[in-house]
Structures are given as structure tokens and as C-alpha cells.
Amino acid sequence: AWLDQLEQASAWLSLDERDNDPSQFLAYLTTALSGIDPSADDAYMNKLMIDPQAEVEAVLTPLINHFAQAKQPFCLVLDDYHVIVTKAIHEGLDYLLDHLPPALRLVIASREDPPLTLPLLRGRGQLNEMRAADLRFIPTETTEFLSTVMGLKMSEQDIVALDNRTEGWV
């Protein structure tokens, strides 16, 4: 059901190593969220411009309060989160997760588990996880993809060999 909400309002933030500066991370986060609600950008960006060293929580709190009033579900995707190594950003994200507005769904795409309170979220039933094994094709999906999407006519033996060699990755 939550995947259906991805078709609604969403903000996507693609991260790289340069985003480890907390004020830059917050500026990009706020800008991404302003795509959902343009008024989200104003006060929070001004706060960052006045005090670039503002604590992450000090910027996130009014942003959380702002989006707590949202009636329609929306999604924030943090892509390539594995590049973030700054403790203050991780702590800020934990703070966001602890105070997540009801309408917000946070998707974190990472090549490794981020240093967040994932066990706590699992225990509360507040975490959906998709691992590499969940994204791989099973042999019947490989067969369907190759024949239907790619228009290839391959023997079952070749398809099995290809599926084994690629470990289900298209």
C-alpha cells in the first residue's frame, strides 16, 4: 500500500560525498521538499543563511512541524545515503525518523545499512526493507523479461545459464 503513495507527491534527493556538510545537506533537503510545498523553502532556508552552523535538529524541527499539517501523503527519497558519513546528519535523520510527520514516507536507498536506529524501527514495525535478494529476478521473471520485453528467443538452458551467471540481475 505504501508503494502506491510513491505515485503521489515525492521529493528525490540524490546524494554524493560533498553532501556531508550538515548545512549543505539541510539546504538540499529543504529545496527537495519545497517541490512538494514551495512555502517549505522560505523560513528554513533563511535560517540556514543566517546561521549556516545551525544544529540539524533546529532546522528540522520547524520543517517537521510544517509538514505535520500535510493532509496528502508524500514521499522523500534519499538516494545513495551510503555516501553520508557525518554523524550530525545521521543524528538529524534519526531525529526526523523519531518525529516523522504522519503523511511522510521516507525512503532511504543505500548500498549498506546506515548508522541509524534501524533495530528500534524494526521493533516498532515502522520499517519496510528491500534487500538485494528482493530485487533479483527469479528464473520465471528472467524468462518473461527476455522473451516479452527484449523479444529474445532463447532456449530454457541458455536462460537458466544467463540467470545463474547474472544472479538474477537484469
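This is a predicted model: local features need pLDDT of at least 70, side-chain atom pairs count only at pLDDT 80 or more; totals for chains, interfaces and linings use all residues.
D19 sits in the loop that joins β1 to α1.

Is D19 buried or exposed? D19 is buried, yet no salt bridge is found for this residue. The nearest side chain of opposite charge belongs to R18, 6.0 Å away. Setting aside neighbours within four places in sequence, D19 is in contact with S14, Q24, F25, Y28, I84 and I89.

Three strands make up an open sheet, ordered β1-β2-β3, and their pairing is parallel. The edges are taken by β1 (residues 9-14) and β3 (residues 104-109); each has a single partner strand, so one side of each is left without a neighbour in the sheet. From one strand to the next, the twist averages 15°.

The pairing of β2 with β3 can be followed in detail. Strand β2 covers residues 74-79, and six bridges link β2 to β3 in the parallel sense. C75 has R105 of β3 as its bridge partner.

Helix α1, residues 22-34, lies across β1 and β2 and runs at about 155° to β1. Q24, F25 and Y28, listed above among the contacts of D19, fall within the residue range of α1. Helix α4, residues 87-98, lies across β2 and β3, with an angle of about 145° to β3. I89, another contact of D19, falls within the residue range of α4.

Terms used:
Residues are numbered from 1 along each chain as its sequence is written. Side-chain values use heavy atoms; hydrogens and water are left out. Two strands pair if DSSP finds at least two bridges between them. Helices (H or I, at least four residues) and strands (E, at least two) are DSSP runs, numbered from the N terminus. Axes are lines fitted to C-alpha atoms, for helices over the stretch in contact, and angles run from 0 to 180 degrees between N-to-C directions. Contact means heavy atoms within 4.5 Å. Buried means under 20% relative accessible area, exposed over 50%, partly exposed in between (1.4 Å probe, protein chains only). Lys and Arg count as positive and Asp and Glu as negative; His and the chain ends are not counted. A salt bridge is a side-chain nitrogen of Lys or Arg within 4 Å of a carboxyl oxygen of Asp or Glu.
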